[in-house]
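Could you walk me through this protein in my viewer, stop by stop? I would like to know what to select next and what is there.

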Amino acid sequence: TATDSASHMFYRLIDPEHPRYQKDLALRYGDTIRRVYQRMDSIIGRVMEVLGEQDVLMIVSDHGFHSWSREFNTNSWLLESGFMALKGGAEQGQEANRGGSFFPNVDWSRTRAYALGLGHIYINLEGREGQGIVEPGEEFHELVGAIRAQILEYQDPETKESVVQNV
């Protein structure tokens, strides 16, 4: 996990346009990612030296890296788009993980979709979720299609660029 951790923590130091770029830290730690990858290359080389002819070495990654300067909060988008609803009196930004439990302010009787993790949208499906309201079948497929279409159309309010590239 070293390459992942180093990239998450230090990528901002190789992008002078990043809002969290700090020149003094970049001078000290800007080569961290390169050094971690060099170390990993060394480890892989040692492993390859001891592999037999029938052995297979697989190196995989769960994602790549690039600079980013803004976030997209999927639950906020679901709320703004009408796919999620809050209990009376709750305000946006209170929808998730307050008071040690997930979604205490969500009105599940009116919420058709919610997000957990990075980019995963779940349908509040009747018969599967404890308070599911979306019927399996046609209603489910129509909702998935509507979420897909609307999220693909969403643009960053400042740059007017698409936020989501594929669903």
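Here is a short tour of ring pairs, salt bridges and surface patches.

Before we start, note that this is a predicted model, in which local features need pLDDT of at least 70, side-chain atom pairs count only at pLDDT 80 or more, and totals for chains, interfaces and linings use all residues. Residues are numbered from 1 along each chain as its sequence is written, and side-chain values use heavy atoms, with hydrogens and water left out.

**Stop 1: aromatic rings**

A pair of aromatic rings is described by the distance of the centres and the angle of the planes. Rings of Phe, Tyr and Trp (its six-membered ring) pair if their centres lie within 6.5 Å; planes under 30 degrees apart count as stacked, over 60 as edge-to-face and the rest as tilted. The structure holds eight aromatic pairs.

Select Phe-10 and Tyr-29: their ring centres are 6.2 Å apart and the planes meet at 45°, so this pair is tilted. It links distant parts of the chain, with Phe-10 in helix H1 (residues 2-10) and Tyr-29 in helix H2 (residues 23-29), 19 residues apart. Helices here are DSSP runs (H or I, at least four residues), strands are runs of E (at least two), and both are numbered from the N terminus.

Next, select Phe-72 and Trp-77, another tilted pair, with 6.5 Å from centre to centre and 45° between the planes. Is Trp-77 buried or exposed? Trp-77 is buried, because its relative accessible area is 3%, while Phe-72 is partly exposed at 26%. The cut-offs are these: buried means under 20% relative accessible area, exposed over 50%, and partly exposed in between (1.4 Å probe, protein chains only).

**Stop 2: salt bridges**

Side chains of opposite charge can pair when their charged atoms come close. A salt bridge is a side-chain nitrogen of Lys or Arg within 4 Å of a carboxyl oxygen of Asp or Glu, and the structure holds four of them.

Select Arg-110 and Asp-107, whose closest N and O atoms are 2.8 Å apart in their salt bridge. Arg-110 is partly exposed at 47% relative accessibility, whereas Asp-107 counts as buried at 15%. Then move to Asp-31, Arg-34 and Arg-35, which salt bridges with shared partners join into one network. Arg-34 bridges to Asp-31 at 3.5 Å between the closest N and O atoms, and Arg-35 bridges to Asp-31 at 3.3 Å.

**Stop 3: surface patches**

Patches are made of residues with over 30% relative accessible area and no salt bridge; like charges are joined within 9 Å, and nonpolar side chains (Val, Leu, Ile, Met, Phe, Trp, Tyr) within 5 Å.

Select Val-47, Met-48, Leu-51, Leu-57 and Ile-59, which make a nonpolar surface patch of about 420 Å². Where is Ile-59? Look in the loop between helix H3 (32-50) and helix H4 (74-80). Ile-59 counts as exposed because its relative accessibility is 58%.

Finish with Glu-126, Glu-135, Glu-138, Glu-139 and Glu-142, which form a negative surface patch. For charges, Asp and Glu count as negative and Lys and Arg as positive, while His and the chain ends are not counted. Glu-126 sits in the loop between strand S2 (120-123) and helix H5 (138-153), and is partly exposed at 40% relative accessibility.

Key. Accessible areas come from the Shrake-Rupley method with a 1.4 Å probe; for residues, only the protein chains shown count as cover. The place of a charge is taken as NZ of Lys, CZ of Arg, CG of Asp or CD of Glu.
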